[in-house]
Structure formats: structure tokens, C-alpha cells
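I open this notebook to record what I looked up in the structure shown below. The entries follow the order in which I worked.

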Amino acid sequence: MPRYRASEAIYLSSERRLIAEGETFASDEIPGRAWIALDAPAVAVTAAAGAAVGGAGRRLAGSPGK
């Protein structure tokens with residue numbers, strides 16, 4: 001399952017709980033704007049979700065920006 005880090009507090013409906021800023025979590029839900037991808041599967045899912053709404057997706061945590 002793809003792993004992410006929350007860049008701000010988010011409610012994860014599949015877990016029915018609040019994820020704290022900085023907390024890592026795994027989810028098969030469609031990634032939100034506050035989700036930072038931590039592994040290759042998460043990057044792929046995030047990029048696909050971004051492309052579906054016309055965005056460019058997000059980078060892998062720790063990789064160079066832009």
C-alpha cells in the first residue's frame with residue numbers, strides 16, 4: 001500500500017481518524033494536496049491523480065524540487 005506523510009492535519013476517512021501533521025500513513029485513497037509521497041507506489045498514484053485533474057503530480061519526499 002502506498003505510504004505518505006501529512007504536510008498538515010488531515011482526516012483519513014478509511015481509518016476514520018485525524019492524521020497529525022508530519023505523521024506517516026498508508027492509504028489506497030486518492031491522495032490529497034496535503035499528502036507527501038514517501039515511496040515509488042505513492043509517487044505513481046499521486047502523479048496519476050494529478051494528471052486526472054490537470055496537474056503535474058507531486059515529487060517524492062526528499063527529491064529535488066522543480
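Across which strands does helix α1 lie? I found that helix α1, residues 40-52, lies across β1 and β5 and runs at about 75 degrees to β1. I took helices as DSSP runs of H or I with at least four residues and strands as runs of E with at least two, numbered from the N terminus. Axes are lines fitted to C-alpha atoms, for helices over the stretch in contact, and angles run from 0 to 180 degrees between N-to-C directions; contact means heavy atoms within 4.5 Å.

Basis of the entries. I worked from a predicted model, in which local features need pLDDT of at least 70, side-chain atom pairs count only at pLDDT 80 or more, and totals for chains, interfaces and linings use all residues. Residues are numbered from 1 along each chain as its sequence is written, and side-chain values use heavy atoms, with hydrogens and water left out.

The sheet. I noted an open sheet of three strands in the order β4-β1-β5, with antiparallel pairing; two strands pair if DSSP finds at least two bridges between them. β4 (24-26) and β5 (35-37) are the edge strands, each pairing on one side only. From one strand to the next, the twist averages 40 degrees.

Strand β1. I then followed β1, residues 3-6, which pairs with β5 over three bridges and with β4 over three bridges. Tyr-4 stands opposite Ala-37 in β5 and opposite Phe-25 in β4. Ala-6 stands opposite Trp-35 in β5. Tyr-4 and Ala-6 make up the covered face of β1, while Arg-3 and Arg-5 make up the uncovered one.

Salt bridges. How many salt bridges does a search of the whole structure find? I recorded three, a salt bridge being a side-chain nitrogen of Lys or Arg within 4 Å of a carboxyl oxygen of Asp or Glu. In one of them, Arg-33 pairs with Glu-8, the closest N and O atoms being 3.4 Å apart. This pair links distant parts of the chain, 25 residues apart: Arg-33 is in the loop between β4 and β5, and Glu-8 is in the loop between β1 and β2 (10-12). Arg-33 is exposed at 63% relative accessible area, whereas Glu-8 is partly exposed at 29%; buried means under 20%, exposed over 50%, and partly exposed in between, with a 1.4 Å probe and protein chains only.

I also found Arg-17 bridged to Glu-15 at 3.1 Å, N to O, and to Glu-23 at 2.8 Å, N to O. These shared partners join Glu-15, Arg-17 and Glu-23 into one network.
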